[in-house]
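Welcome, and take a moment to look around the structure below. The report that follows walks through a few parts of it, one at a time.

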Amino acid sequence: MKKALVCGAGGFIAGHLVKKLKREGLWVRGVDIKPHEFAPSAADEFLQLDLREPANCRAALTLGDGTFDEVYQLAADMGGMGFIHSAECEIMHNSALVNIHMTHAAATMGVPRYFFSSSVCVYRDMAPGEPEMTEAQAVPANPDNEYGWEKLYAERMTQAYGRRFGMQVRIARFQNCYGPEGTWTGGREKAPAAICRKVAEVEDGGTIPVWGDGTAVRSYTYVSDMVEGIYLLMHSELEGAANIGCPQYVTVKELVETVAEVSGKRINVRWTPGPVGVQSRNFSNERIYSLGWRPKVFLKEGIGHTYPWIEAQVKAARAK
Ligand code: NAD
């Protein structure tokens, strides 16, 4: 039986990835600095460890018999734009330490295959409608935030360790990912979850504040499509970074309208100044498409799964 270590398994995407690996028949150890907030871990074993510490990375990777066949590194000090712009030092410090120590430990302990979760935040800001950028066009680099710079550094470091130690490295640059069992409140939530929460909190006909003017262009990838892409990429021979994203581009205004439609409420928006992030990102999915990956869940359906889950969280929190 193949054995996988999933770092960040107490979080959103890795929590879903553990379930996918279990469905595929692997034995899975999850590791995170905290337990999963919303669901018991589906992992066979869950270790609570701070992966900024080298000894904890080695402990996470230590098995009684042999080594892990696969390591998925999704642990990061992570959040939506509000967090990314207010916690620049924490992100660069904490996520870099996790990546430095986990990559070093995995390579030197003989892990054959290593996945790193990067982000489309490595790309520069774009104007809506600009031609799609390929993975190679991330360089010369100009990410608009420090989170993207840390990801670029970690991508290169992981590839350097791969070359030196013969470790197969697979890197995905995730587009915005959303779905149930992700952070929905507290300041780290991303736009789809934040808007679902705000809509769930107001009465029919109410007004919600949203950062920006609604014209920023985004694409949102549903979490089940994301974990399918991770699994496919990890088991492919595709070297170098590969974007994984749904090619359905929408404005933030359209995102709000989709959430309102799913909720059945009439919603007014008060556009307010805030850390919106880039105006647009428009990138090619040809590399992940070459493996046969296609998104199956588009925005309306994905919000149809996500909104009821967040609405239930809002109701449960109010009842406390
Ligand atoms: P998340 O915050 O839900 O999960 C990250 C997990 O890492 C958390 O559970 C956190 O506790 C854990 N972690 C942080 N510091 C740690 C430490 N020192 N030791 C051990 N665990 C630690 O975020 P997510 O959305 O599931 O993101 C997973 C990965 O995907 C991250 O690398 C993130 O940068 C990347 N990513 C996510 C998105 C998105 O839209 N969600 C987009 C691009 C890239």
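## Buried tyrosines

A residue is called buried here when its relative accessible area is under 20%. In this predicted model, Tyr178 is buried, and Tyr220 is buried as well. Keep these two tyrosines in mind, since the next parts come back to them.

Strands in a sheet are held in pairs by backbone hydrogen bonds, in either a parallel or an antiparallel way. Strand 7 and strand 9 (residues 217-222) pair in the parallel sense, over 3 bridges. Which residue of strand 9 is the bridge partner of Asn176? That partner is Tyr220.

## The helix across the strands

With 12 residues, helix 7 reaches 16 Å from its first C-alpha to its last, close to the 16 Å expected at 1.5 Å a residue.

How many of the 12 residues of helix 7 are buried? The count is 9, so helix 7 is largely enclosed by the rest of the structure. Among the buried residues are Val223, Met226, Ile230, Tyr231 and Leu233, and Asp225 and Gly229 are also included.

## Rings that meet

Now for the aromatic side chains: there are 9 aromatic pairs in the model. In one of them, the rings of Tyr72 and Phe115 have centres 6.0 Å apart and planes at 40°, so this pair is tilted. The pair links distant parts of the chain, with Tyr72 in strand 4 (residues 70-73) and Phe115 in strand 5 (residues 113-119), 43 residues apart. Tyr72 is buried, because its relative accessible area is 0%, and Phe115 counts as buried at 0% too.

Tyr178 and Tyr220 form an edge-to-face pair, 6.4 Å centre to centre and with 85° between the planes. This pair also links distant parts of the chain: Tyr178 belongs to strand 7 and Tyr220 to strand 9, 42 residues apart. Elsewhere, ring pairs join Tyr72, Phe115 and Phe174 into a cluster.

Lys3 lies over the face of Trp27, at 5.7 Å from the ring centre. Arg294 lies over the face of Tyr289, at 4.3 Å from the ring centre.

Ser280 sits in the loop between strand 12 (268-272) and helix 9 (286-289). Is Ser280 buried or exposed? Ser280 is buried, because its relative accessible area is 2%, which is under the 20% limit. Beyond its neighbours within four places in sequence, Ser280 is in contact with Asp125, Met126, Ala127, Pro128, Val217 and Arg218.

Met126 is found in another stretch, the loop between strand 5 and helix 5 (146-165). At 3% relative accessibility, Met126 counts as buried. Leaving out residues up to four places away in sequence, Met126 touches Pro131, Met133, Gln279, Ser280, Arg281 and Asn282. Met126 and Pro140 are 14 residues apart in sequence, and their C-alpha atoms are 14 Å apart in space.

Methods: Residues are numbered from 1 along each chain as its sequence is written. This is a predicted model: local features need pLDDT of at least 70, side-chain atom pairs count only at pLDDT 80 or more; totals for chains, interfaces and linings use all residues. Side-chain values use heavy atoms; hydrogens and water are left out. Helices (H or I, at least four residues) and strands (E, at least two) are DSSP runs, numbered from the N terminus. Buried means under 20% relative accessible area, exposed over 50%, partly exposed in between (1.4 Å probe, protein chains only). Contact means heavy atoms within 4.5 Å. Two strands pair if DSSP finds at least two bridges between them. Rings of Phe, Tyr and Trp (its six-membered ring) pair if their centres lie within 6.5 Å; planes under 30 degrees apart count as stacked, over 60 as edge-to-face and the rest as tilted. A charge sits over a ring if NZ of Lys or CZ of Arg is within 6 Å of the ring centre and within 35 degrees of the ring normal. The expected span of a helix is 1.5 Å times one less than its number of residues.
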